[in-house]
Amino acid sequence: MSDAINAANEPVRVGLVGATGLIGRRLIEITSAGDEMRMVGIARREPVLPKGARVEMFVADAARWGEVLEAIKPRALICALGTTWRKAGRDEAAFRAVDYDLIVTTAEAAQKAGVQNFVMVSSSGANPRAKSFYMRTKGETEQAISKVGFKRVDILRPGLLKGSRKDDLRPLEAIAQIASPVLDPILPSQWQGYRSINADLVCEAAMGLAMRKAAGRFIHDNNAIKRAARDWRAKHSAKTE
């Protein structure tokens, strides 16, 4: 009986790929401050972790991530993988190797390992028929993930992410963040999905969605991300009171 009680009180293990980016780092920081969820990171190289991080980190070649997932058996997998046009050397094949190939291969390995929930951080404007190579790749990745066979897939499509990036200089994005308080309110309705959103809200939404049990494929824009984050905060507050 005591073993069952102890197991029920243990943090839920949720897998994370993409630990070095803005979303990945904040997920580790947020979960390290609580006791309900513990991130289990999987990476190709040993990352520099946030100070005080409480996270299990497995470093392995991407081809062996499936073995790691088999061993750790996470409740869900949050995918915050992604590169930038600049980091990919402005090469379409290099960009697609991360934002499509690596994400889809990881998803397939996770599903094979028995992971039922997959939460993917994508981008507002993702569309497999988009003229933009970036948005088209994001849309094609979403489309492929939806066919992998997970019980539940949550695709988050945030607008401009607001937050401090470590060792990832993005001058245009920094300028857009500064201008967002002025630009957000005047964006026409068809562009509302590109409004800025705090990275912490995306993280909290991802955490909450990773724990949901209803089956299906769900796409979340900025407004839906904020609702999911509020739900997570409400449940978290109720448990700590």
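**Figure 1. Helix α7 is mostly covered: eleven of its twelve residues are buried.** This is a predicted model, in which local features need pLDDT of at least 70, side-chain atom pairs count only at pLDDT 80 or more, and totals for chains, interfaces and linings use all residues. Residues are numbered from 1 along each chain as its sequence is written, and side-chain values use heavy atoms, with hydrogens and water left out. Buried stands for under 20% relative accessible area, exposed for over 50%, and partly exposed for what lies in between (1.4 Å probe, protein chains only). Helices (H or I, at least four residues) and strands (E, at least two) are DSSP runs, numbered from the N terminus. With that in hand, look for A199, L201, V202, C203, E204, A205, A206, M207, G208, L209 and A210, the buried residues of α7. At the N-terminal end, N198 caps the helix, with a side-chain oxygen 2.8 Å from the backbone nitrogen of D200. That is a polar contact, meaning a pair of N or O atoms within 3.5 Å; within protein, one must be able to donate a hydrogen and the other to accept it, and residues adjacent in sequence count only if both atoms are side-chain atoms. The length checks out as well: at 1.5 Å a residue α7 should span 16 Å, and its end C-alpha atoms are 17 Å apart, which agrees. The expected span is 1.5 Å times one less than the number of residues in the helix.

**Figure 2. The largest nonpolar core holds 32 residues.** Here a nonpolar core is a set of buried Ala, Val, Leu, Ile, Met, Phe, Trp, Tyr and Cys residues joined through side-chain atoms within 4.5 Å. The members that touch the most other members are I23, L27, M39, I78, L156 and V202. At least two residues each come from β1 (12-17), α2 (22-32), β2 (37-43), β4 (76-79), β5 (117-121), α7 (199-210) and α8 (222-240). Our helix from the previous view, α7, gives the most to this core, with nine residues. Zoom in on I23 and you will find it touching A80, V121, L161, A199, V202 and C203, not counting residues up to four places away in sequence. A second, separate core has 26 residues, among them L102, A113, I145 and F150. In soluble globular proteins, nonpolar side chains tend to be buried together.

**Figure 3. Seven strands form an open sheet with parallel pairing.** Reading across, the order is β3-β2-β1-β4-β5-β6-β9. At the edges, β3 (56-59) and β9 (216-220) each have a single partner strand, so one side of each is left without a neighbour in the sheet. On average, neighbouring strands are turned by 20 degrees against each other, direction ignored. Two strands pair if DSSP finds at least two bridges between them; β1 and β2 do so over six bridges, in the parallel sense. For one of the bridge partners, follow V17 to I42 in β2.

**Figure 4. Helix α5 (residues 133-145) lies across β5, β6 (152-156) and β9.** The helix runs at about 175 degrees to β5; axes are lines fitted to C-alpha atoms, for helices over the stretch in contact, and angles run from 0 to 180 degrees between N-to-C directions. F133, M135, T137, K138, G139, T141, E142, A144 and I145 are buried in α5. The buried residues of this helix pack against α4 (92-112), β5, β6 and β9. K138 has a relative accessible area of 6% and is in contact (heavy atoms within 4.5 Å) with D99, S122, S123 and A126, leaving aside its neighbours within four places in sequence.

**Figure 5. V68 sits in helix α3 (residues 65-72).** V68 is buried, with a relative accessible area of 11%. Apart from residues up to four places away in sequence, V68 touches I42, F58 and A60. V68 and I42 are 26 residues apart in sequence, and their C-alpha atoms are 7.8 Å apart in space.

**Figure 6. K73 and R90 are loop residues with positive phi.** K73, between α3 and β4, has a phi near 50 degrees and is partly exposed, at 48% relative accessible area. R90, between β4 and α4, has a phi near 55 degrees and counts as exposed at 56% relative accessibility.
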